[in-house]
Amino acid sequence: MAFGGGKVILLGEHSVVYGRPALAAGLTRGVEATARVAEADALRIEPWGLDVSPDPQADQPLARAFHALLAPYGASRQAVAIDATVDLPSAAGLGCSAALGVAVAGAVDQALGIERDAEGRAGAALTWERVFHGNPSGIDTAVSAQGGVIVYRKGEPIERVHPRAPLRLVVAHSGEQSTTKEMVEMVARQHEKATERLDKTFDAIAAIVRNARLAIEAGDLRALGQLMDLNQALLNSLLVSTARIEELCTAALEAGALGAKLTGAGGGGCVIALVDTDASAEHVLRALEQMDAEVFEVEAGA
Ligand code: MEV
């Protein structure tokens, strides 16, 4: 069995596409996949009930992604049938497509007897991820394959971060779906029009990420929470937040969260709220549930 983990971006989404560092953490929820040698290539995805065949010309992105992932294995390889089970909401900022790519690559490797480390698997999954969004920084596949808490910077080896205190997060789904591709393209259009202003915003986010790393390593969750709020304000200035996300963040903070922000591409998807005690976790969970959000608690990077 191969696993691709879901992820949360703690800080630094979007600016990471422009070469700035970002902090991300793996989730224990994700995608499991098994593969066996078969007559023809096939991918079954549950609980979606989807049967996918690799096809570079298909309208369905999953068929194109499956083809892109298999192509580097070469024409002389044996065919593989893969069963994948997804335990993550899609289009929610929790790295579902990257987790699927990492799990499928891992399962294909196992069926064909190929040994590859986590970095290699992340690289293989990046060809899959490129189909879904044209310009991925690589952070989603890296953290999906590696797990833990990492600092990611495009083109550089990942740096592992060791939290001094558990990073307890309440995750709330806004109920709004968004596509990473569209959000990344929207920020790219802004960057084209107002390069200097956006570069300044990205630099400010990079400084927040550096300080957040120190806060995580020192176990200073209050400081981390404040930095998450600052990051959220800057993400809002990039127009990737929504009224619903802002409401959820405010409700989480009022209920005692130390910080709250969107995670992933924004435009909908999930909000993460940092909590430090059972009581605050309970309050925040209840407050967000009352706003009709689907909520769950995770320890980031555990
Ligand atoms: C998506 O999870 C994170 C973004 O920064 C895009 C990327 O890094 O590829 C929005």
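1. A residue is called buried under 20% relative accessible area, exposed over 50% and partly exposed in between, with a 1.4 Å probe and protein chains only. By that scale Ala91, at 31% relative accessibility, counts as partly exposed. Ala91 has a phi near 50 degrees, a positive value in a residue other than glycine, and its place is in the loop between strand S5 (79-86) and helix H2 (96-112). Helices (H or I, at least four residues) and strands (E, at least two) are DSSP runs, numbered from the N terminus.

2. The model is predicted, and local features need pLDDT of at least 70, side-chain atom pairs count only at pLDDT 80 or more, while totals for chains, interfaces and linings use all residues. Residues are numbered from 1 along each chain as its sequence is written, and side-chain values use heavy atoms, with hydrogens and water left out.

3. Asp292, in the loop between helix H9 (278-289) and strand S11 (294-299), likewise has a positive phi in a residue other than glycine, near 65 degrees. Asp292 counts as exposed because its relative accessibility is 70%.

4. Asp41 sits in the loop between strand S2 (22-38) and strand S3 (42-46), and is buried, with a relative accessible area of 18%. Its side chain makes a polar contact of 2.8 Å with the side chain of Arg77, and a polar atom of the Asp41 side chain lies 2.9 Å from the backbone nitrogen of Val80. A polar contact is a pair of N or O atoms within 3.5 Å; within protein, one must be able to donate a hydrogen and the other to accept it, and residues adjacent in sequence count only if both atoms are side-chain atoms. Leaving aside neighbours within four places in sequence, the residues in contact with Asp41 (heavy atoms within 4.5 Å) include Ser53, Pro54, Phe66 and Leu70.

5. Around the ligand there are 14 residues, of which the closest are Lys7, His14, His133, Ser137 and Asp140; a residue is counted here if one of its heavy atoms lies within 4 Å of the ligand. Oxygen atoms of the ligand lie 2.6 Å from a polar side-chain atom of Ser137, 3.1 Å from an N or O atom in the side chain of Lys7 and 3.3 Å from an N or O atom in the side chain of His133. Strand S1 (2-11) and helix H4 (139-146) are the elements that give two or more residues to this shell.

6. A cis peptide bond, with omega about 5 degrees, joins Glu46 and Pro47, and Pro47 has its place in the loop between S3 and strand S4 (50-52).
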